Amino acid sequence: MSTRVQIDPLTGLRGIAAFCVVVTHYAVWCAPYQWNTAPPQFFWFTALSDAGMTLFFTLSGFVITYNYFNFDWRAAPISSFLRFAFLRFSRLYPVLLLFLALCIFNARYSSSDPGGPYRLWTLLHVFSVDTWVPLKYAGNLPIHGGFSVSWSISTEFAMYFMFAGVMIVTARLWRLVAAALLAFAAVVLVWSAFGSLSAFGDAISPIQPLKGSDWAEWFFYCSPYFRIIDFALGAGAGWVVTYRSQALERYKPWLGMLAAGSAVAVILLHIEAMILRDIPILSVGHSPVTQLLQALFFSGIMLNGAGKSRLNTWLSSTPLMNLGMISYSLYLFHPYVPHLGLYITDKPFSWGLFPFFILNFLFAWTLTIAFAWGLYHLVEVKAQSALRRLLPKRRPIPVGVQARPAFATALVPVMPRAL
């Protein structure tokens with residue numbers, strides 16, 4: 001177990017990411033009217049889930065690199081991988097299995113015939129591999145299917161395997177990250193501007209075929225093969241903060257300006273995408289260009305995560321820290337709460353119904369926070385502690401033995417709170 005001090009602003013960022021996702025969903029799910037009849041401007045301020053998911057994946061790259069880069073990947077690859085996999089399993093799976101059980105229970109009693117394909121769909125989610133290949137069930141991609149938000153855990157696990165593979169093959173993560181980002185970003189930008197993912201055909205989908213825009217939504221939004229760029233940008237920032245702290249110290253004032261500028265750029269990017277929403281390549285809603293820029297700006301904020309600035313003071317505030325601490329349970333279980341509110345969904349939007357939306361939203365948000373808080377303390381913390389006690393303690397590194405690559409120096413003793 002690590003004894004590093006926590007980086008509080010990163011926990012605050014997790015809280016913001018969870019807030020963005022929940023606000024976007026609750027703007028639709030808490031509506032006591034036909035949500036698509038609301039004024040378009042209403043969604044300009046609530047369509048934040050794309051940014052929230054990009055922040056989650058970028059932050060994941062930072063955290064994973066920050067905490068697991070110095071495992072003895074080259075000399076003991078198998079034991080390092082098994083330990084890494086078990087640590088991530090103990091962090092994510094206790095609550096995930098509870099969530100999947102609730103989804104299965106809900107599907108069993110809300111559908112007259114789940115059928116054989118549903119069993120396969122369930123199995124894919126249990127093993128968290130549902131986004132690894134282009135699949136649909138009941139006409140839905142994993143992001144829209146009966147298991148809802150659990151799709152992102154599948155993408156996370158795929159990127160964990162990619163990280164471990166990179167670490168076993170080469171410890172020079174920064175070289176591979178730089179080359180991969182340049183090559184892959186160039187291919188994706190050309191592809192998104194001039195290509196069509198539907199050219200791959202429908203035959204490779206074993207449950208239901210993907211057609212037209214399904215391919216772009218799966219590849220650019222759900223799949224780990226594009227999201228690995230978000231992860232890699234966060235990983236690069238994590239490596240720099242961990243192993244180049246002395247160099248960062250020289251540029252401390254500039255890092256604060258970079259973080260503040262990146263935060264402003266994220267906001268401006270969202271505003272621009274909203275205004276230019278009719279232009280596909282700039283529109284919010286699974287735009288690959290928007291996602292890449294968001295991840296780049298988020299990594300700029302993370303570079304100054306251990307510094308002192310007004311932005312970091314705000315990110316370390318008690319409300320954001322508490323929200324970040326329970327963000328995983330909040331993210332997984334928030335879809336099940338809004339249905340307890342007051343609904344008149346057969347009516348079009350009117351300002352007379354808007355107060356009921358506010359009441360629904362506040363009720364759902366309060367109940368979700370309370371439920372996530374309980375899950376965090378009663379399931380997440382206890383299950384993770386119990387599982388990690390099963391791990392043998394890591395043997396102390398003998399004096400004079402270099403456990404990290406030769407270039408990895410000046411290790412900063414800091415660690416995010418929410419791993």
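Let me begin with a definition: a residue is called buried when its relative accessible area is under 20%, exposed when that area is over 50%, and partly exposed in between, using a 1.4 Å probe and protein chains only. The model before you is predicted, so local features need a pLDDT of at least 70 and side-chain atom pairs count only at pLDDT 80 or more, while totals for chains, interfaces and linings use all residues. Residues are numbered from 1 along each chain as its sequence is written, and side-chain values use heavy atoms, with hydrogens and water left out.

I turn to the aromatic rings. Rings of Phe, Tyr and Trp (for Trp, its six-membered ring) pair if their centres lie within 6.5 Å; planes under 30 degrees apart count as stacked, over 60 as edge-to-face, and the rest as tilted. Across the whole structure, 41 aromatic pairs are found. One of them joins tyrosine 68 to phenylalanine 84, edge-to-face, at 5.0 Å centre to centre and 75° between the planes. Because tyrosine 68 lies in helix 3 (residues 49-68) and phenylalanine 84 in helix 4 (residues 77-110), the pair ties together parts that are 16 residues apart in sequence. Helices here are DSSP runs (H or I, at least four residues), numbered from the N terminus. Tyrosine 68 counts as buried, at 5% relative accessibility, and phenylalanine 84 likewise counts as buried, at 2%.

Another edge-to-face pair consists of phenylalanine 349 and phenylalanine 354, with 6.4 Å centre to centre and 70° between the planes. Both belong to a cluster linked by ring pairs, whose members include Tyr26, Trp29, Trp351 and Phe361.

Next comes helix packing. Two packed helices are described by the angle between their axes and the distance between the axes. Axes are lines fitted to C-alpha atoms, for helices over the stretch in contact, and angles run from 0 to 180 degrees between N-to-C directions. Helix 1 (residues 8-29) packs with helix 3 at an angle of about 150°, their axes 7 Å apart. The two helices are therefore roughly antiparallel (angles under 35 degrees count as roughly parallel, over 145 as roughly antiparallel, 65 to 115 as roughly perpendicular and the rest as oblique).

Finally, which residues does serine 152 contact, leaving aside its neighbours within four places in sequence? They are Met53, Phe57 and Tyr331, where contact means heavy atoms within 4.5 Å. Serine 152 is found in helix 6 (residues 151-169) and is buried, with a relative accessible area of 4%.
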